[in-house]
Amino acid sequence: MKVKVSRKAHFNAAHRLYRSDWSFEKNDQVFGKCNNPNFHGHNYELIVSVYGEIDQETGFVIDMKVLKDLIAVEIESAFDHKNLNVEVAAFKNLNPTAENIAVVIWNKLRPHIDDEKKLEITLYETPRNFVTYSGE
Ligand code: NI
């Protein structure tokens, strides 16, 4: 039996969407208010899901305590109350859109999850805007 288990987490972070190889006008046209040179913040809601077989001994797909600690160490401590563009190396040359943040989170967590289990990241940038990445 395969089950998908999910853990919710949260972080606040600032970002700016822009390309340094574009003019301010072009950045403004494409990214609008998100191109504010003084950055702006979001309350990101994160859902980390692991899908796989239930372990017959423990009854778990993954120990939620382990997942909770993994998210705290790998994601919350790295992103919470940070300026993503300035303070998180992964976004030095990568626009910190919700899409790209989800991919970065997936890449950080994937090595810590059993190979035979699927990992899915859902990231809410606002209560109405969210993205999902599952490694494809
Ligand atoms: Ni934004």
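In the predicted model, H81 is exposed, with a relative accessibility of 63%. This residue sits in the loop that connects α2 (64–79) to β3 (82–83). Its phi is positive, at about 60 degrees, although H81 is not a glycine. Most residues other than glycine have a negative phi. F39 also has a positive phi, near 70 degrees, and is likewise a residue other than glycine. F39 belongs to the loop between α1 (24–31) and β2. With a relative accessible area of 26%, F39 is partly exposed; a residue counts as buried only under 20% and as exposed over 50%, so the value for F39 falls in between.

Because H15 lies in strand β1 (residues 2–15) and H40 in strand β2 (residues 40–53), the pair ties together parts of the protein that are 25 residues apart in sequence. H15 is buried, its relative accessible area being 0%.

The protein chain contains four helices and five strands. Read from the N terminus, these elements follow the order β-α-β-α-β-α-α-β-β. The five strands form an open sheet with mixed pairing, arranged as β3-β1-β2-β4-β5. Strands β3 and β5 (130–133) are at the edges, each pairing on one side only. Strands β1 and β3 run parallel and are joined by two bridges. A14 has N83 of β3 as its bridge partner.

Helix α4 (residues 98–109) touches β1, β2, β4 (118–124) and β5, and its direction makes about 145 degrees with that of β4. Helix α2 lies across β1, β2 and β3, and runs at about 20 degrees to β1.

L46 lies in strand β2 and is buried, with a relative accessible area of 1%. When neighbours within four places in sequence are left aside, the residues in contact with L46 are R7, K8, A9, F11, I71, I75, I105, I121, T122 and L123. A102 is 56 residues from L46 along the chain, and the C-alpha atoms of L46 and A102 are separated by 8.8 Å.

For the protein chain taken as a whole, 39% of the 136 residues count as buried. Among contacts with a separation of 6 or more, 66% are made by residues 24 or more positions apart. The protein chain exposes about 8,300 Å², of which carbon and sulfur atoms supply 50%. Along the principal axes, the C-alpha atoms of the protein chain fill a box of roughly 60 × 25 × 25 Å.

Terms used: Residues numbered from 1 in each chain as written. Predicted model: local features only at pLDDT ≥ 70, side-chain atom pairs only at ≥ 80, totals over all residues. Heavy atoms only, no water. Buried < 20%, exposed > 50% of the residue type's maximum accessible area, 1.4 Å probe, protein only. Pairing = 2+ DSSP bridges. Contact = heavy atoms within 4.5 Å. Axes fitted to C-alpha atoms, helices over the stretch in contact; angles between N-to-C directions. Areas by Shrake-Rupley, 256 points an atom, 1.4 Å probe, with all protein chains shown as cover.
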